[in-house]
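Colleague: I would like to go through the labels on this model one at a time. Please set each value beside its rule.

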Amino acid sequence: MSSEGYSPIIVDPYGGLCTLMERSDLPVGLSPDCQDVQFFPGGVQSRDAFQGYIPLANKPYGVGNYVNYDNVSRRLVYDSAGQVQYESARWAALTPVALGQDGGTSFQATTAYGRTYICIGDGKRGLTVPIQWDGSDTTTSQYTPEPVSRNGADSCSAVPNAAAGSITAGYHYVSVVFETATGFITSMPGLTYWISLGGDKVDFSNIPIGPGNTTKRRLFVSPANSTDLYSLDSLVLNDNSTTTLSGISFTDADLLSGVAMADHLYLTVIGPQLGSLLYHQRMLYWGGYDRVEAFLDTHGAVSAGGFYRVGLIDTGFDARLNTLSDIWGIVGGSTGGAVVTPAAGVAEGGSLCVYQITGDGTAAQKGYIEQIRWNVGDSGSYYLQPNRKYGIRARVAKSASGTTGTLVIRLQTGVSATSTWNTITTLTVDLSTYSDTDWHLVSYDGIVAVPSSATGSQEVHAEIWEVNIPNAQKVWVDWFEVYDVQTKNAGSVIRASKSTDPESVSLLDGFITVAPGNGQDVRSCFEIRGNLYAAKERSLYAISDNGLEPAKWNVDEVSNTVGTPSVHGVGVGDGWAIICGDAGVYMYSGGMPDKLSQEIEPTWRRVNWAYGHRIWCKVDVKNQRVYIGVPLDTSTVCNAILVLDYVEGWSSPIPSGSGRKWSIWNLSAWAAELCVMDEGDRRMLFAHSPSTGESYGAINQVTSSVTYSFGGANPWSAVTGVAPTVTTGIADPQGGTSAAYWQGDNTVTANSYQTKVTANETTRVVAVSVFLKGNSSGYPGWGQQVTVTAGQASSGTYSETVTLTDSWQKVTVYYDPGSSTTANVARSLTITPVATGTYGFYIYGYQIAYSTGGQNQYGFSGYHVRPGGLTGRIYSILELLNTETIDAFGFITPIYETAPLGGEVMRSEFDRLILRIRGIGTLQPQWVRPSGTFTNTAQTFALAASPDDDYETRMRQNDTQLGIRLATTMQANWYWILKRMAVLAKMSVATLMRGRNP
């Protein structure tokens, strides 16, 4: 038909999503609907594919990366069961690092000094003390220990040894500290002294034994008549058992050249933290809580000259093996309690301990323990201040989901000699409120102030017990601590370690306070170009390292509106960062932040900000792309990824269409990380947790995959009925000509054709796929149904019935060998037309894949489990494959719609669509009116990987404005790449003016 009078409307450039403007007002280069596509200079294409990487039985809440000094990488996963696991090699099964915090939903890891520091939280605050792991396949995780001895000794005893020596006459103070395998040196549990007569030696006894992860102990000694302490090699015990050290001699000059204790004074063991970052050789932590710290002081009731800890100690229960010392005492003959090294699944790490109480089903107190310590020192300093209120915080878990009963932790002050106690706080935990065995961080604010009288506040008394817990069931307590009700939250505080010592955090100056009065918490810290920034929920601050200790660093406001509610809400690029918050998506590179989300503002407002703490942002500099996971609409998890391509720069796309380009990727991913793989390259990994209603199967790596085409002998044979007439050399779905057409005889009443699939499998699930499509050129085959069955009667068969269309479908069915012990059993793949009579359809080969794991690990890379199939694992870590076209779910549904084309007033006659497009599969363009409704649909056409000419299809339509929508459900291995688009149009002679007659 003649195209006389038609002129081309060129669609150029191919801009990204713009929902800020009404469709009819959009410039030609922008898109009102843009999903599952990505951009390259001068074009748009279907998005990259996801491949299943790590299958999981539980929801993946986080994914991380660890690389050791030898550049050996480990991928880390945190799941809904509270497990932190790692992958020792690519495709290897996961190995537990530690049992983290069940109930946590955020996972953040930082690698420094050959170890990774793992923080687990609820997205707003930390839930457990940071785990540190050295990447080894054999070692367990570690926590920083409290400076509390295991044998109850605050410090050692020291007496002069009359043998000739070099010690200077006078008072010499001594303390013992504990050193762990990581090189961390604790602060002092206590301090005492001896008097040297001069020219003698010294004998030490009753030396404290350290926590379970102590590898050596150091004695720190002062020169004569000084309180400055130093340690020498001769004062080191390279074990955690010896309690004596005799005949030691040194000079004051020797001590002054040793390791100084000053660097280890006033250290604190940080509590639960939300996030961490290595900055200027210091480890930073944030998102924690405030608590009351014990401190060293003298007390007249204790031996003269001794310094002891005032206040509760060993509140983490990590300083014991299997018994309680005089720090915690069993009172009144109560039984059922013990501090234990927990079994796997009870608590974190191999060296940690928890307090365990075993119930007996009665109302009698079980597992009652108490700790009584001084509340005030001789200096007049208080642990719990008079006239202030205090609360209790603890981590609690139980051994069985149905466990009931009550756990009680009580805090009192008073005088033990007269048994006069004032209850300050009672934390009562009703275990029936927890339907799981997860760890829970519980707290209760005190409502009674500490009395101001000496008799009412002289000592502090802590108690723990339980009642009515079923017989033989257990409850565990860990990380019990006391906090000031007025300062319980430390949301504006960043803890900072000493330089090159990531575990040593000073109580005196190891902190940065960020705008404490604005009612917001620090949620993310990041570094660009050597500068440190802290993002609170709705504000941003620059922090300057001025060479002093962190407490004296400068904190300056950058913005009082731009921030993020999420620990993962900032993505760092090359000298710049992307910040995601309720004000929008901003780019920051210094100066004032620049907004990037203006053109998708209505879309950004769809984010469910009640769950904004779950947003994540990652930057892939290599591919010039930003990924932002968001919970859209009413979703409580990140059910979509907003993707920003900046291949053509960062400038606003309005009105030109050039610059940054947005699209929506429809994938539910709780978290993501750009990980270093074994090959040395970096890949995006996504923690896929499907939304409710998804029916995707678990994703496993394929260990064996073989595709047979019809290029050779036909592998199919008739089981019942007459074999079909087979025509080969038909175009197949992967761009070749190896498909075949089957034509059946209408005289048969039943037809079933099978091929034998030999699988050397007795325990692993096998998936078999086949490509099918109908014959749209005429009956038979159009709209017909066929059933595809895998396996055989003796081994869990599974059938899939599909309706044939004129598009290739990849149909996947599974069989489970079950209890079969016979290897190399001949399995079968059978195709049976549902209706009798004449039939005809196209078929392309078949593909076999085996699961990598055990019998119940269903799911395979590139396969889609349809509803009603075998119940498979639906959680996985997905890998983004930048060059592949097969998707983990078996299909991609890319949508790219142009802005409305044509004049704003005159009606137009649209005639033809011309596309410079290539790919594999079938494409079906559609017209879209400015209202978003569809009109005339063009005929589908098959794509070619290397087309000789532009594609041209007729889409005649009279209308004022129409957009072009390229949309189709992609099958596995399908893709399209669009580089040019034009529409032939002219003024319509039917109705020149837009509008209706009255």
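Modeller: Two strands pair if DSSP finds at least two bridges between them. A strand is a DSSP run of E with at least two residues, a helix is a run of H or I with at least four, and both are numbered from the N terminus. The model is predicted: local features need pLDDT of at least 70 and side-chain atom pairs count only at pLDDT 80 or more, while totals for chains, interfaces and linings use all residues. Residues are numbered from 1 along each chain as its sequence is written, and side-chain values use heavy atoms, with hydrogens and water left out.

Colleague: How do you know that β28 pairs with β29?

Modeller: Four bridges join β28 to β29 (residues 354-358), and the rule asks for at least two, so the strands count as paired. They run antiparallel. Val340 stands opposite Val354 in β29.

Colleague: What makes β28 and β34 edge strands?

Modeller: They belong to an open sheet of five strands in the order β28-β29-β36-β31-β34, with antiparallel pairing. β28 (337-340) and β34 (440-444) each have a single partner strand, so one side of each is left without a neighbour in the sheet. Neighbouring strands here are turned by 30° against each other on average, direction ignored. That angle is taken between lines fitted to C-alpha atoms (for helices over the stretch in contact); in general such angles run from 0 to 180 degrees between N-to-C directions.

Colleague: Which strands stand at the edges of the sheet of four?

Modeller: That open sheet has the order β40-β41-β42-β43, with antiparallel pairing. Its edge strands are β40 (522-528) and β43 (554-559), since each pairs on one side only. Six bridges join β40 to β41 (residues 531-536), and one of the facing pairs is Phe526 with its bridge partner Tyr533 in β41.

Colleague: What do β23 and β24 form?

Modeller: They form a hairpin, with two residues between the strands. His280, in the turn, has a positive phi of about 50°. Five bridges join β23 to β24 (residues 282-286), and the strands run antiparallel. Tyr279 stands opposite Arg282 in β24. β23 (residues 275-279) is mostly covered, with four of its five residues buried.

Colleague: Why is Gln273 called buried?

Modeller: Buried means under 20% relative accessible area, exposed means over 50%, and partly exposed is in between (1.4 Å probe, protein chains only). Gln273 has 3%, so it counts as buried. Gln273 is found in the loop between β22 (267-268) and β23.

Colleague: What makes the approach of Gly271 to Gln273 a polar contact?

Modeller: The backbone oxygen of Gly271 lies 3.3 Å from a polar atom of the Gln273 side chain. A polar contact is a pair of N or O atoms within 3.5 Å; within protein, one must be able to donate a hydrogen and the other to accept it, and residues adjacent in sequence count only if both atoms are side-chain atoms. The Gln273 side chain also has a polar atom 3.4 Å from the backbone nitrogen of Trp286.

Colleague: Why is the pair of Tyr86 and Trp133 called tilted?

Modeller: Rings of Phe, Tyr and Trp (its six-membered ring) pair if their centres lie within 6.5 Å; planes under 30 degrees apart count as stacked, over 60 as edge-to-face, and the rest as tilted. The whole structure has 26 aromatic pairs. For Tyr86 and Trp133 the centres are 4.7 Å apart and the planes stand at 45°, so the pair is tilted. Tyr86 lies in β8 (residues 83-87) and Trp133 in β12 (residues 131-133), so the pair ties together parts 47 residues apart in sequence. Both residues are buried.

Colleague: How are Tyr171 and Tyr193 arranged?

Modeller: They form a tilted pair, 5.2 Å centre to centre with 45° between the planes. Tyr171 has a relative accessible area of 38% and is partly exposed; Tyr193, at 25%, also counts as partly exposed.

Colleague: How do you know that a charge sits over the ring of Tyr289?

Modeller: The rule wants NZ of Lys or CZ of Arg within 6 Å of the ring centre and within 35 degrees of the ring normal. The charged end of Arg125 sits over the ring of Tyr289, 5.3 Å from its centre. Lys773 lies over the face of Tyr842, at 5.3 Å from the ring centre.
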